[in-house]
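Please keep the sequence and the 3D view at hand while reading.

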Amino acid sequence: DKDQVIQYVNPTGEALIGKTKEELVGTKIKFSTRTGSVVDFPHAETEQVTTVQLFTLGIDWNGAPSRLLSLRDITEKVELEKRLSYIATHDHLTGIPNRTIFEDRLKLAIERYFRYSEIDNDDFFFSIILLDLDDFKTINDTYGYPQGDKLLIECANRLVDTMRDSDTVARFSGDEFMIIVENITRFADVEQLIQRINSAIKAPIKLDETTVEITTSMGVSCYP
């Protein structure tokens, strides 16, 4: 009704919510019922979440002005959109961000620097690190591309584990990785970080039937 108290629920609505009509009628809807709104419904019994889009139509119910609320299940559509967005922004092999996310976060890092530098007199900057695995082609030629892929995945994982959650580690192409490190106040911190990255990558990597060691070359740029 006009006060958002449920007067009737059809069998489809019962199945979606996981409650009977008797349990629902008389209770009050506590979310926006505006047409086009998207709501996540956890099933009362299974706790499986269904995403629905709402459509509202003004009607007369037993002589009183009310609203007919229609629920459209868009769970598969939402999951597909999330999956496509992930594919577009993450490297298919390692699962870390790709060039697209890197470029977006670089723009944000620049914007944050200018925004905070206006209100904070502390000297700080951010750093961009370009990392290239040395002689990676030799790994592919010697052990095969599947083993080369495993090495790339392991290196990506090590880089992510070495960095802070606020940093961005992205795979640019082939054996090239890019890293954004924000809120740095000392160049010595960058030097220590490079040492940690070198140590992480140089540690032996176990492939299927052998163990390999690889080094990396890095270039560092600090902004501003």
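Gly95 lies in the loop that joins α3 to α4 (99–117); helices (H or I, at least four residues) and strands (E, at least two) are DSSP runs, numbered from the N terminus. Gly95 is partly exposed, its relative accessible area being 26%. On this scale, buried means under 20% relative accessible area, exposed over 50%, and partly exposed in between, with a 1.4 Å probe and protein chains only. Apart from residues up to four places away in sequence, Gly95 touches Tyr86 and His90, where contact means heavy atoms within 4.5 Å. Gly95 and Ile153 are 58 residues apart along the chain, and their C-alpha atoms are separated by 8.4 Å.

## Basis of the model

This is a predicted model, in which local features need pLDDT of at least 70 and side-chain atom pairs count only at pLDDT 80 or more, while totals for chains, interfaces and linings use all residues. Residues are numbered from 1 along each chain as its sequence is written, and side-chain values use heavy atoms, with hydrogens and water left out.

## Overall form

The protein contains seven helices and nine strands. Its radius of gyration is 27 Å, whereas a compact globule of 224 residues would have one near 17 Å; the radius is taken over C-alpha atoms, and the globule rule is 2.2 Å times the number of residues to the power 0.38. Along the principal axes, the C-alpha trace spans about 80 × 55 × 25 Å. Of the contacts in the protein with a separation of 6 or more, 54% are between residues 24 or more positions apart.

Buried residues account for 35% of the 224 residues. The accessible surface is about 14100 Å², and carbon and sulfur atoms hold 51% of that area; accessible areas come from the Shrake-Rupley method with a 1.4 Å probe, and for residues only the protein chains shown count as cover. The protein has 25 positive and 38 negative charges, whose mean positions are 4 Å apart. Lys and Arg count as positive and Asp and Glu as negative, without His and the chain ends; each charge is placed at NZ of Lys, CZ of Arg, CG of Asp or CD of Glu.

## The largest nonpolar core

A nonpolar core is a set of buried Ala, Val, Leu, Ile, Met, Phe, Trp, Tyr and Cys residues joined through side-chain atoms within 4.5 Å. The largest one here has 26 residues, and those with the most contacts inside it are Leu133, Leu151, Leu159, Phe177, Ile179, Ile197 and Ile214. Two or more residues come from each of β4 (125–133), α5 (136–143), α6 (145–162), β6 (176–184) and α7 (187–202). The largest share, five residues, is that of α6. Beyond its neighbours within four places in sequence, Ile179 is in contact with Phe102, Ser127, Ile128, Ile129, Leu159, Met163, Thr168, Val169 and Ile197.

Phe125 is in strand β4 and counts as buried because its relative accessibility is 8%. Leaving out residues up to four places away in sequence, the contacts of Phe125 include Val181, Phe187, Val190, Cys222 and Pro224. Phe125 and Cys222 lie 97 residues apart in sequence, yet 6.8 Å apart from C-alpha to C-alpha.

Thr75 belongs to helix α3 (residues 75–89) and is buried, at 19% relative accessibility. With residues up to four places away set aside, Thr75 touches Val49, Thr50 and Thr51. Ile29, in the loop between α2 (21–24) and β1 (38–42), is buried at 16%. Under the same exclusion of residues up to four places away, Ile29 touches Gln4, Ile6 and Leu69.

## Backbone exceptions

Most residues other than glycine have a negative phi, and most peptide bonds are trans. Glu47, although not a glycine, has a positive phi of about 65°; Glu47 lies in the loop between β1 and β2 (49–61) and is exposed, at 63% relative accessible area. Asp135, also not a glycine, has a positive phi of about 55°. The loop between β4 and α5 holds Asp135, which is exposed at 61%.

Which peptide bond is cis? The bond from Tyr223 to Pro224 is, with omega near 0°. Pro224 is placed in the segment after β9 (216–223).
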